[in-house]
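Here is a short report on one structure. Take a look at the model before reading on.

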Amino acid sequence: MRFWRSARTRNALMGLAPIVAIVLFFATRSWTWFLLIPVVGVLLYGPNGDR
C-alpha cells in the first residue's frame, strides 16, 4: 500500500517538489532538477490525474 493514498499527503508532497528542486538547483547548479516536478506529479497522481 502506498503511503500517499490520502489527498492531503499527495498535495503536500506535490507542493514540496518545487522547493526541493530549487534547493537542489542551487546546491548543484544543474537545471535538470526541475524535471523532478513533473516526475513527482506523475508518480503521485498517475497518468489519469486525480480522478
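## How the helices cross

In this predicted model, helices α1 and α2 cross in a right-handed way. Helix α1 covers residues 7-28. Helix α2 covers residues 36-45. The two pack at an angle of about 165°, and their axes lie 9 Å apart. An angle over 145 degrees counts as roughly antiparallel, so α1 is roughly antiparallel to α2.

## Where the helices meet

Which residues of α1 and α2 meet? From α1 come Arg10, Asn11, Leu13, Met14, Ala17, Pro18, Val20 and Ala21. From α2 come Leu36, Ile37, Val40, Gly41, Leu44 and Tyr45.

By class, this contact between α1 and α2 has 11 nonpolar residues. Two polar residues and one charged residue complete the count.

## The aromatic rings

How many aromatic pairs does the structure hold? There are two. One of them joins Phe25 and Phe34. Their ring centres are 5.4 Å apart. The planes stand at 45° to each other, and the pair is tilted.

Ring pairs link Phe25, Phe26 and Phe34 into a cluster.

Are Phe25 and Phe34 buried, exposed or partly exposed? Buried means under 20% relative accessible area, and exposed means over 50%. Phe25 has 23% relative accessibility, so Phe25 counts as partly exposed. Phe34 has a relative accessible area of 32%, so Phe34 is partly exposed.

Methods: Residues numbered from 1 in each chain as written. Predicted model: local features only at pLDDT ≥ 70, side-chain atom pairs only at ≥ 80, totals over all residues. Heavy atoms only, no water. Axes fitted to C-alpha atoms, helices over the stretch in contact; angles between N-to-C directions. Helix = DSSP H or I, 4+ residues; strand = E, 2+ residues; numbered from the N terminus. Parallel < 35°, antiparallel > 145°, perpendicular 65-115°, else oblique. Left-handed = near helix turned anticlockwise from the far one by under 90°. Contact = heavy atoms within 4.5 Å. Nonpolar A, V, L, I, M, F, W, Y, C, P; charged D, E, K, R; others polar. Phe/Tyr/Trp six-rings, centres within 6.5 Å; stacked < 30°, edge-to-face > 60°. Buried < 20%, exposed > 50% of the residue type's maximum accessible area, 1.4 Å probe, protein only.
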